[in-house]
Structure formats: structure tokens, C-alpha cells
Amino acid sequence: MPSDTAAEPPPATTPAEARKGPAEIREEWLDADAVKVVLRLKKAGFTAYLVGGCVRDLLLGMHPKDFDVATSAHPNQVKATFRNSRLIGRRFRLAHVYYKGGKVVEVSTFRANPLDELTDLPQDLLIRHDNVFGTEQEDAKRRDFTINALFYELDDGRVVDHVGGKADLRARLVRTIGDPDVRMREDPVRILRAIRFAAKCGLSVEGRTYAAMKAHVAEIPRCAPPRVLEEVLKLMRSGASRRSFELLRDVRALRVLLPPVAEHLERAGPEAAERHLRALDALDAHVRVGEIPSDAVLLAALLAPLPRGGAPKGPIPKAQRPQAPVPAGAETEPGTGAEAEAREGEPAAADDELDRDLEAMQEAIDEPDETRTTDPTEAPPSTAAEVAADPAHAPLLEGALRAEEVHDERLATDGIPDFSVGGAGATPWSLPQGVVAPEVVLAEMVRTARLPRRIAERTRLILAAQPLLSGERKKRRFSAQAFARQSIFPEALAIFELSVAATGRGAEQLSRWQTVFSSQDFASLGEEPDRKPAAPRRGGGGGGNGANKRRRRGGRRRKPPQSA
């Protein structure tokens, strides 16, 4: 018998209630905000999946670092759907959807490989532009490896596999999609990505893929240097840097990426190479418990084996921006070029501030506070906190860890080209051939790979502080407490801790330094230690600033003029 009342709308169902069979990925493992993004896109009439590394990691029983979404919606349609989003990227537009706590869900539109539209492949396969929208099948096939091309359908709770990625996960293999030689020539940075996935996920590289990696490793420098550097840092912070380093050496990529390190380790012999690997082991142990070191610590760990003899004095040179050539006979207009840039004030002011900070830190290393005479080899104050029984495996100090940001690392690469672009302005990845000091390598990274000069300088000072921490460098007057108040100290101590773990030497010094740091009054960190005011200079006019100026390094303390 029909009812006279209007039928109530059916209650909304969740994906778990809608599906019939068990889900391939447990629902509680999924990120709630990423699920919201997918459901809202589907409600707006678009196709949407969880995609890529998050699906791979969940199927392997690992916790994903982030969750990405692929959709049929174009970037502007995604932005119109989410008020809490913005578009990023120059070469190909992506949408970042923001949630509380700085979480970012990246949403990309299905794309196609532009080379798939060509009947005859060009001799140069390096992809320089791939801003071509496509279908979900085309999007899966244009990705690098089968294990990264898996989609997860929330409603059905099933993994959508267009390329055989599930079978490769079961076989624990990293395999390219399509011809390995073509894929590596399209984007040689895939060699580094294959190494990272194999090392991080405990996988093997499929035979033909491995052969293609070795065959095309020399083409890595053709890619954009900032992107190459970021991939190297990802290897270091993956929690599997030792295995990554071994694979880099096996496919001969280490000599392409870091020729000075490769040659030094070859010359020093297997014992030195094993010490470096043990240091990377110690670094991985920290990463696996959630301690992500700063980029300066990662670079210092990478360059630590290099000898410091013959290192250039002074700070890392500033990167020179390429200048447009001036036609012969043309006059330079006033207010243009580097002079005008300096007058604008922003780049110059930032560099001046950096130089002042670096000068203060360098003086703390070279000429520490003379008002104290604490020797780092003496027993620390009895009021200091006790250090763990094994100082070489103590947690890293907070100052040595990567600072929390309001977004993840993907935003940091916005504006960095994904692929190298030819032309006069392109600077290839290029590091000195032969064994050189770390300062030379860092200067080249600043010049070609857009490594921020501040990070390069911190790395330099971290390495310069190692002889002080180990006791190899003795100074007649030295203040351990003043040194421990320097901003680079936690990072320098982190590298020393890795060295102690690798060599088994210096545990006593490390324990003492940890105790010295723990005894500091943290409320005063960042403040200048009390100093005796310098005597007024002759001819200084009795000005206010003259009495407080620090005397120059190596100069003699002048006595005040005698009164008549």
C-alpha cells in the first residue's frame, strides 16, 4: 500500500558502507583530509583517486609521508571547488589544498606523455615540456615506475592498476613503465628516484631498468641542477642513505654527482669508505625515529670525508646572476644592472645581514670569548644534566633538526624547472673533478644549483667546527659555554655524533660537549655574552660607539691615554 507522505531522502553513505567486499587498504590508514578532497571532487562530477607514493607505501605496510590526488578536473576547476586552495607551478599547474596544521594535499590533473603523440621519436628524448592533459590511463602510463602509477578508488576500496604495479610490488621490484632506455633518456633524474625507492622501500631494481640506469647515468647533469640537488637531499633524508649511497656507487652515479667525494673514497681505500657508510647508518637511525636533520647537516654528512687542507679562506662567494649581454657600443643607462639592484636594497641588505651573522659565528670558532677560560677537555660543571650512556646514539639536538614549516617540501621546489631547459642561460650540474675541499663543492652548488648561500655557509662552519669538538685543534683560551651558545653548535654536534658512531673514537669528548650544551641557560641563547667594554680608541672623539667596538683579530688591546 503506497504511503501518502513524501519519501525521506536516503542517508548519505560513506565509501566503506557503499562497497560490497573488503577494501584493499584499511580505511583507518587513509588520511582524512585527502579523503575529503577526493569525495568533494567526485561530488562535483569529476573522477578522482588517491595516487602514487601513498598507495605504494600503504600496500607495502609503510606510513606515507603525504597523500596526493589525481583528478580529471583542470587546475582552475579544482581551485573553484576548494576555497582553501591555491595554484602553484609555472611549467604545469598544480593545486595545493590546505588544512589545519599546515597540511597540504596536492591535486594534479591527469596528464599524457607528449612523446606518446609522436610516431617517430626524436634523437634527444629529454622532456622539456609535458603540459598535456590526458585520461587516467594516459596519466598512469606517463609516470616513471609501475609501483608509482597505482590509483586507489575510495568507493570500491580497490587499487586501479593500468601498468602491472601490483605484481611488481608483490615481486618487490622497481621497474620502469615502457622501454627503460627511453624512460631514462626522457628524464635522467629517474635514475636517482629509482635508487631512492629501492633503498627506502627495500626493493630490487629490475634487470633491464638497472642496465638502463648504468647506461644513461652520464646524462644526469643535463637536468636542472636545483632538481638534482633536491633529489640528492631526498636520498640523504630518506632513512636509507647508506643503501642509497651504495646504489649510487654501483651504477657509477656517485662519480657523476659528487666527483670529489667519489675520488677521495677511492683513493682512501675501503676502510675510509666503510667509515662513511657507518656515519650514514647513524644518520638513518635518527631519521627512522622521526628526527629529520637540517639541510646543512645533510650536506655536511655528505661532504665530511673530504680533506679540509687547501680550503679557500673566507665565506662562500655570492652567486652571480647571469647578465644579458650588452651590444657593442651601447651605453649602459644609469639605474640599471647590478648597481641598481644594489640600490634597491633587498638582495644587498639580506647579504649584508648574512655576512654579519657569519662573521660572528666565524669569530666564535676562530677567536672565542677571552673572558672565560673553560677547557673542553676539563670536567663540565657539576650542575649540568647527565648525558645518555651512549652519547653517539643520543637524540639530535633540536637546533640540528629541520625546522617545522607551514607546508611540506613540495612548495620549496615551486619555480624550479622539472626538466633542464636549453639555451644560453642554462647552467648544467657541474662539480670539480678531483679531490677538493668541501668549500669548493659548496661554492659550486651555490653557483649552479641555487643552494641558498646561508645553508652553504652553515655547512662550511659546521665542518670547520669539527676539530674543535674532537679536540684535534687546541686553543690557549677557549670558552666551551660561549661556543655552545652559537646557533651552529647543535648542527656541528650532530655531525660530530655521526663521526663518533662511525669511528668509535671521541665518545668522551662528545659526552662532555653534550653536557656543556645541556648546562646552558636557554633563556639567554641568542643574547651576546657579557663582555668587558673595550677601552676608547685614541682619536675616537669620545663617541658612544667607539667604546663598544670589538677589537680587530690579532690587534693588541690599547691602553687608554694617560691623563695629563
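Biologist: Which residues does leucine 50 touch, not counting residues up to four places away in sequence?

Modeller: This is a predicted model, where local features need pLDDT of at least 70, side-chain atom pairs count only at pLDDT 80 or more, and totals for chains, interfaces and linings use all residues. Residues are numbered from 1 along each chain as its sequence is written, and side-chain values use heavy atoms, with hydrogens and water left out. Contact means heavy atoms within 4.5 Å. By that rule, leucine 50 touches Leu30, Ala34, Val38, Val55, Phe67, Asp68, Val69, Leu150, Phe151, Tyr152 and Leu154.

Biologist: Which residues have the most contacts inside the largest nonpolar core?

Modeller: A nonpolar core is a set of buried Ala, Val, Leu, Ile, Met, Phe, Trp, Tyr and Cys residues joined through side-chain atoms within 4.5 Å. The largest one has 114 residues. Those with the most contacts inside it are Leu41 and Leu50.

Biologist: Is serine 241 buried or exposed?

Modeller: Serine 241 is found in helix 11, residues 241-250. Buried means under 20% relative accessible area, exposed over 50%, and partly exposed in between, with a 1.4 Å probe and protein chains only. Serine 241 has a relative accessible area of 2%, so it is buried.

Biologist: How do the rings of tyrosine 49 and phenylalanine 110 pair: what is the type?

Modeller: Rings of Phe, Tyr and Trp (its six-membered ring) pair if their centres lie within 6.5 Å; planes under 30 degrees apart count as stacked, over 60 as edge-to-face, and the rest as tilted. The count comes to eight aromatic pairs. In this one, the centres are 6.5 Å apart and the planes are at 40°, so the pair is tilted.

Biologist: How many residues apart in sequence are the parts that this pair ties together?

Modeller: Tyrosine 49 lies in strand 1, residues 48-51. Phenylalanine 110 lies in the loop between strand 5 (104-109) and helix 5 (136-141). The pair therefore ties together parts whose separation, in residues, is 61.

Biologist: What type of pair do phenylalanine 145 and phenylalanine 197 form?

Modeller: Their ring centres are 6.1 Å apart. Their planes are at 85°, so the pair is edge-to-face.

Technical notes: Helices (H or I, at least four residues) and strands (E, at least two) are DSSP runs, numbered from the N terminus.
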